[in-house]
Amino acid sequence: MAFVAAVALLSPASAVAREFRAADTQSADYPTVQALEFLGRLVAERSGGRHSVRVFHSRQLGEEKETIEQTRVGAIDLNRSNVAPFSGVVPTAAVTALPFLFRSPEHLHRVLDGPIGAEILAAFEPHGFIGLCFYDSGARSFYTRGQAIRTVADLKGRRIRVQQSDQMVALVQALGAVAVPLPYGQVGTALGTGIIDGAENNWPSYFETGHFRYAKSYTLTEHTMSPEVLVMSKKAWDELSGPDRAMFRQAAAESAGYMRKLWQAREQDAIAAVTKAGASVIEVDKQPFIDAMTPVYDRFVVSPETRDLVRRIQAVP
Ligand code: GTR
């Protein structure tokens, strides 16, 4: 017993040096990847060089569906993904991807920066993840090749790529389109070859992926503001000391603030770049799109807890 206790004292968890592998599907200079690098600098500094974060961007560790699973089992330590591909894994998190839930970026920030945001991050834990922070992702809108989308009817029968998420499949089906769930890295080729007619994403992703070259009409439906989320695998977390956990949480919160500033500039730059390259931006009456979303809410907002969460999010001013 005495020997065991002495060994434990000699090697407290906080003294164990570690490289944390972080996965991100976006490219090296995308704001989420920049935020992970920033987090890595804080962690290295504040742990006196004991810990470091190695960022694998551009899907080097795989597509989101796979990296989420690998993070769950502890093969990847940190993962920055959109909440939508988490929909089958952490149902509470999927609430933030519900269509037309957030009224504005300010509403989203007020919800995610407050107690509801903390509650949603905490909901990751029973599923093998520690929710560390949310990052901005703007609003997602549809973009298409060929005929532009001006009304819900223009989506009828069109093949639209969605993230690998049942909720996103349902959203697109509710608009009468054919949902094609594909990993992010396959969308460019699918658009280029005409396997799909369109996809949906925020401005920076539409630009950075080059999708604007094939799908030249961007229709401002802004149908979801599904945020990005940074999680740590519970396995890595369990090996951290209390002070190291607090350090990670603090560094993640600061990286979210850093990212928010980068994001605003990046959105504006992306809008300017795609319009300069000839993409047309189409404004629509959103009401018919909102009205079409009832089946999505009927299917995914079922339990009393989820209903209550949606109500509380809507009640945030
Ligand atoms: C982006 C998001 C990625 C990924 C991608 C997609 O906006 O940053 O994490 O989810 O969308 O559509 O697959």
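Me: Which helix does Leu108 lie in?
Reply: Leu108 is in helix H5, which covers residues 105-113. Keep in mind that this is a predicted model.

Me: Is Leu108 buried or exposed, and why?
Reply: Leu108 is buried, because its relative accessibility is 7% and the cut-off for buried is under 20%.

Me: How far apart are Leu108 and Asp136 in sequence and in space?
Reply: In sequence they are 28 residues apart. In space, the distance from C-alpha to C-alpha is 9.2 Å.

Me: Switching to the ligand. Which residues come nearest?
Reply: There are 14 residues around the ligand, and the nearest are Glu64, Arg80, Arg161, Asn201 and Glu228.

Me: What classes of residue make up that shell?
Reply: Eight are polar, five are charged and one is nonpolar.

Me: How far is the side chain of Arg161 from an oxygen atom of the ligand?
Reply: An N or O atom in the Arg161 side chain is 2.7 Å from a ligand oxygen. For Gln163, the corresponding distance to an oxygen atom of the ligand is 3.0 Å. Glu64 has a polar side-chain atom 2.3 Å from a ligand oxygen.

Me: How much of the ligand does the protein bury?
Reply: The protein buries 99% of the 320 Å² that the ligand exposes when taken alone.

Me: And where does the ligand sit?
Reply: In the largest cavity.

Me: Back to Glu228. Where is its place in the chain?
Reply: Glu228 is in strand S10, residues 228-233.

Me: Buried or exposed?
Reply: Glu228 has a relative accessible area of 3%, so it is buried.

Me: New topic, the loop between S2 and H3. What is phi for Arg59?
Reply: Phi of Arg59 is positive, about 65 degrees, although Arg59 is not a glycine. Ser58 is in the loop between strand S2 (51-56) and helix H3 (64-72), and its phi is near 50 degrees, also a positive value.

Me: Why point that out?
Reply: Because most residues other than glycine have a negative phi.

Me: How accessible are Ser58 and Arg59?
Reply: Ser58 is at 31% relative accessibility and Arg59 is at 33%. Ser58 therefore counts as partly exposed, and Arg59 counts as partly exposed too, because that class runs between 20% and 50%.

Definitions and conventions
Residues numbered from 1 in each chain as written. Predicted model: local features only at pLDDT ≥ 70, side-chain atom pairs only at ≥ 80, totals over all residues. Heavy atoms only, no water. Near = heavy atom within 4 Å. Polar contact = N/O pair within 3.5 Å; in protein donor to acceptor, adjacent residues only side chain to side chain. Areas by Shrake-Rupley, 256 points an atom, 1.4 Å probe, with all protein chains shown as cover. 1 Å grid on protein atoms, 1.4 Å probe; cavity = no way out; pocket = protein on both sides within 12 Å on 5 of 7 lines; lining within 4 Å. Sits in = over half its atoms within 2 Å of the grid points. Nonpolar A, V, L, I, M, F, W, Y, C, P; charged D, E, K, R; others polar. Helix = DSSP H or I, 4+ residues; strand = E, 2+ residues; numbered from the N terminus. Buried < 20%, exposed > 50% of the residue type's maximum accessible area, 1.4 Å probe, protein only.
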